[in-house]
Amino acid sequence: MRAINLERNVAREYQLEVQRDLFGHWIVALHWGRIGASGQGRILSFDQFDDASRFVGHNLARRKSARNRIGVDYVLVNGAQVALKHSV
C-alpha cells in the first residue's frame, strides 16, 4: 500500500505479508517507511490463524484511517490482495 501526496511531502509505503512456516505457525511480516528508503520492519509469529487475522485486520484499519493522521489515503498497488485465506 502507498500513501502519496507531493504537496504535503508524504510518500509512504506499507507492506504486510501473511504466510505459514514449516512448524505450522502463522507469520506476519510488516515493512514500512518512506518510498525509496530502507524503512523498518517487524516479523511476528502466531499459533492460531484467528490471532494473525485479528492482528492484520487491526493494521489494515489503521492504514484506512491514514487520511485523519497524515492527510492522504493509502491505496493498494501492484495487484495487492487484501482478503485473507485460511490455507491448511
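**Aromatic contacts in the predicted model**

In the protein chain, confidence is lowest in helix H2 (residues 66-70), with a mean pLDDT of 89, and highest in strand E4 (residues 40-46), at 98. Here pLDDT is the predictor's confidence in each residue, from 0 to 100, and helices (H or I, at least four residues) and strands (E, at least two) are DSSP runs, numbered from the N terminus. The chain has a mean pLDDT of 89, and 89% of its residues reach 70 or more. The model is predicted: local features need pLDDT of at least 70 and side-chain atom pairs count only at 80 or more, whereas totals for chains, interfaces and linings use all residues. Residues are numbered from 1 along each chain as its sequence is written, and side-chain values use heavy atoms, with hydrogens and water left out.

Rings of Phe, Tyr and Trp (its six-membered ring) pair if their centres lie within 6.5 Å; planes under 30 degrees apart count as stacked, over 60 as edge-to-face and the rest as tilted. Trp26 and Phe49 are edge-to-face because their planes stand at 65 degrees, with ring centres 4.9 Å apart. Trp26 belongs to strand E3 (residues 26-34) and Phe49 to helix H1 (residues 49-64), so the pair ties together parts 23 residues apart in sequence. Trp26 is buried (under 20% relative accessible area; exposed is over 50%, partly exposed in between; 1.4 Å probe, protein chains only), at 4%, and Phe49 is also buried, at 12%.

The pair of Phe46 and Phe55 is tilted, with 5.5 Å centre to centre and 40 degrees between the planes. Phe46 is buried at 15%, as is Phe55 at 18%.
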